[in-house]
Amino acid sequence: MALSEEAVLKSELRWAAIVAVIVGIILIAILYAAIAMHVNPPSNAEYIDPKTLHLSAEFTESNLGTRVDPDGQVVARVIATQFEFVPNCFVLPADRDVTIRLTSPDVIHGILVTGTNVNTMIMPGWVSQVHTVFHKTGDLLMPCHEFCGLGHSQMMATVRVVPPQDFHPGPDGRVSCDNRG
Amino acid sequence: MAKTPRKRDTRPAGTAAEQSALDRPWRIRAAGVVASAVLVGGLIGFVIIPAGQKENAHLSMGHAMARAAGLEAGSPAVPQPVNTATSVPVSTVSWDPAIMRILASGNTARGAQIAAQTCAACHGDKGLSQSMAPGPIFPSLAGQSPYAIYKQLHDFRSGARVNQQMTPIAQMLQVEDLAAVAAYYSAASKEYAAIGRRELLGDPDIERLANEGDSHRRLPACLACHVNNAGGPIETPVITGQGKDYILAQLNAFASGQRKNDVYGRMRDVAGKLTPAERAALARYFEGTL
Amino acid sequence: MAARPRRRDAAALETGRLVMAHIWVAIAVFALACLLGVWQMWARSPLNAPYHTAANYFRSVTLHGVSMGYVLTTFFIMGFGYYVAETSLRRPLPSLALAWGSFWLGIVGTLMAALSVVSGNASVLFTFYPPLTATPWFYIGLVLVVVASWIWCLIMIFAMRTWKAENPGEPVPLAMFATVANAVMWLWTTVGVAAELLFQVIPAAFGWTQTVDVGLSRTLFSWTLHAIVYFWLFPSYIAFYTMFPRAAGGRLYSDTMGRLAFVLFIIYSLPVGLHHLFMDPEHSNGFKFLQMFLTALVSVPTFLTIFTITASAEVAGRMRGGKGLFGWIGALPWERPMVLATGLAFFMLFWGGGGGLINMSYGMNAMIHNTSWVTAHFHLIFGGTVVIMYQAICYSIWPSITRRDFASLKPLRLQLWLWFIGMMVMTLPWHWLGLQGQWRRVAAFDYSNPLIHSWGPWVIVSLVGGIILALSALLFIYNLAMLHRRGVAGAPASIEYAQAVHPPERVPSSLNGFGLWNIIVAVLMLLAYGWPIAQFFVSPPPQAVVHRLG
Amino acid sequence: MAEPSYPAGPHDYSSGKAELEQLEAAMDETPRGAIVVSLIAVGLLMIGWLGLYFLVFIPRGSVG
């Protein structure tokens, strides 16, 4: 079959074409997820100074946790610090667009939420942001998944996903694990 | 038919023209493949994906592409949240470069002078507490990092932390003075800097809390932060060698929320998870004499 | 075709001691790191491990990663490179003295780094994570190891140049072409981490700077982080192309494809590092997609290799009488360590590569980023494909260095099988756990939490895999030690590399040197990394305060 | 008794016929088997990828 050098190269090229088709299928699937489902990696060119983070307006202690913003967006603001999340538990409604905004005053952290595609690094200097919709209700685990120091292993939070009808923001738009959900 | 291999050692090298004719298609093909890869990848990433996503975020093509290129904050597919809150800080300390420079300056004449005039009566000239019996009331500053000392001084000055003796003293001084005296005490007591690594004795449960923490309660080990160069928050003080009454009083104040100058409630959270018995046992564990 | 006449009748390899010194250092460090790995799995399991504190765990993880990623690989690659240079070019090294100098420099660096970690002053893992910083001596030690490897690169490049000048117009032997390809790629690769260490991390570790630009440091490290894996992988591919076909008793199916694959590794393993930062906020979706697209292209040389090597196996199997569509597989001499290892390596490459395809898939990376899935992926690629081929290479070249043959190949095969089984038993549960969200780099799990309670048994299974791996590592050392002590004298002083079905007579300059590819890499890096790095200078982000750990 | 771990000479598997003849005979069939084996491997890889894409990734929902 493949006797001559040209025939050998031809068989390799034929194989390369098969590889190209396979890589092409993967690319199309990724593009479909990006355009039809709005799946992106969590890029966000938004600076915030970690050295004065606690003085900022958005990430001040009393503004952390879940809040339905005046424009109707459900936003959870969370601090990742050595070695805990603030707040340690937050409530989000199922079947609704939600945004989690996180940042760090100290070192690099990262989160995932078990059983979902929620995943981002948290870098001192940037606001990390994940937009998603939760479909399953219940308590999910949100551990720190990036080495952040000797207490890294104990750093985790709970995401309490409640059915939309059980999601009752207070007059200030806030919801917390302690009083609701 | 496989080519009959020729004896290569006797074969002359090809002429320059032959070699060049052999090389050119390779150069052209390689450049073509690489250029088209970058073009296609860039076109999809910077143009096609944002064009397909922009409607959901109600963005113009320009803004969608700016977001995809990282020139504007936010995702090309989702409206960007807006903040409406205002700042209510628990501590107004700020690690700006000017302060960081003073903190790194070590034992300066200015720091030594303030220490001698204002601090040494209670904290000693090397940061060793001058109140010894029955247990030190004043905390020792020896072996602390400049960040740790400055953080508390600044909080006393701003009112984030309240103490009858310390508040008026800190308010007498400028923040630059506070930084200078913090740098002085840290540098003057360098010999105690390794105090946190000292072997301590306690019952196994307390040793575990101090060294390993408790994953079940999401409690990090005390010593994951409270040792110099543990890699924890820079303003963390060393607690080994501090008086047990002082440590316990602070743990209780954090647990009750009476003291809340810890940024983002790190210690309020930890102390609140500890039982009163554990707080007392840990205070005993970390007590020691310098 | 007759074997090429030898230029120099080598009674003994001039580089024999040099090669052995390098590779024994690599093996000693490797065995130690295997034992640490077992303890780490134990610590993470529901069983009670001794000495289990957070500080010990991260000390161990750092030592494991640094030993495997930097020391084992660098020393093995350097040693094997010297061996290939002498045996394929059949001429002495340009400078044996310089090679020994670089060896001792590497030893000094390794000791500095190791002592820093063991003393508990450098528990920052092998990927560093500024603004956390360790004692500066840790980084300086690692820089010395890198400088040692740079000296090796120059020796390799110079050796090939001299040979080309002596043999104008002749194709460089494939094994040496690939070795120099690795040297060229490594010089490009280390630019990122060297810049990070010298300009950012070491000044911070000494206390000269109090803050650090975290985005820039991560980006510079990502420059290195993907290509470094190909640096590790190159010897395996060299063995696939130039040793396996001969060990199997056949020919390399295509010499040109080998050269092309190595060249593709140079150009496409570098401008793709941002795929390690898919989940980071600081880089835009546009650049992430561009580098994902280039990452998809770096799968091409691997796919080409799979086909070319499978076809080479088919040639060998058929020459040995194998018939039909699959009969050639059984006809291969599986008793040979190199043949067996290649088969097992391909199997592990299948799983590791499959995991890698998921990792590189842009938004899909969110499903598994920083979970045990990723740990499984790189243990299969590195611990699997790379290390098992390092072992097979040792088994194949050791007789020519010691002039002794193994009395029996049985313990060699047992060792390779154990390594393979251990790796599969360890990593398959990790894939499963990773999909469920088991996160990385933790010293302990709270198995009383109902959400992760069911993970416990799987972690124990992977601990069993780790124990099998450690046993295999010890058996590996035993096998080589027995060759030194009880080997049968009379082995030849060199090895022959595989010939191609159609041996190259004249190849284009671009497949006989690296001038064109260096230009292409420069252009690609400018396009793929130019703005992602420049953005930190055009619009400087706020810096983070240095957190000293050690 | 020594067992070479790597063949010393070029013709160690010669079965009487000249090596070149064997090679030519082998090349008559090659790479039919290799194509099939590689296709199976890559096909399985594709099935795995698509399986995870459709059964895990997509059901877990949109993120960005």
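Mentor: The model is predicted: local features need pLDDT of at least 70, side-chain atom pairs count only at pLDDT 80 or more, and totals for chains, interfaces and linings use all residues. Residues are numbered from 1 along each chain as its sequence is written, chains are lettered from A and ligands numbered from 1 in the order in which they are written, and side-chain values use heavy atoms, with hydrogens and water left out.

Trainee: How many residues of chain B are in contact with chain C?

Mentor: Contact means heavy atoms within 4.5 Å. By that rule, 48 residues of chain B touch 52 residues of chain C.

Trainee: What area do chain B and chain C bury between them?

Mentor: About 4000 Å², with 62% of it on carbon and sulfur atoms. Buried area is the accessible area (1.4 Å probe) that two parts lose on being put together, summed over both.

Trainee: Why is the pairing of B:Glu18 and C:Arg506 called a salt bridge?

Mentor: A salt bridge needs a side-chain nitrogen of Lys or Arg within 4 Å of a carboxyl oxygen of Asp or Glu. For B:Glu18 and C:Arg506 the N to O distance is 3.2 Å, so the pair qualifies. The count between chain B and chain C is one salt bridge.

Trainee: Which part of chain B gives the largest share of the side that touches chain C?

Mentor: Helix 1 (residues 16-53) of chain B, with 19 residues. Helices here are DSSP runs (H or I, at least four residues), and strands are too (E, at least two), numbered from the N terminus.

Trainee: What makes A:Cys89 and A:Cys177 a disulfide?

Mentor: The cut-off is a pair of cysteine sulfur atoms within 2.5 Å. Here S to S is 1.9 Å, so the pair counts. The two cysteines lie 88 residues apart: A:Cys89 in strand 4 (residues 89-93) of chain A, A:Cys177 in the segment after strand 11 (174-175). A search of the whole structure finds one disulfide over all chains.

Trainee: Why is the disulfide of A:Cys89 and A:Cys177 called left-handed?

Mentor: Its S-S torsion is about -75°, so it is left-handed.

Trainee: Why is B:Cys225 called buried?

Mentor: Buried means under 20% relative accessible area, exposed over 50%, partly exposed in between (1.4 Å probe, protein chains only). B:Cys225 has 13%, so it is buried.

Trainee: Is C:Cys34 buried or exposed?

Mentor: Its relative accessible area is 9%, so C:Cys34 is buried. Its closest cysteine sulfur, in C:Cys394, is 13 Å away, too far for a bond.
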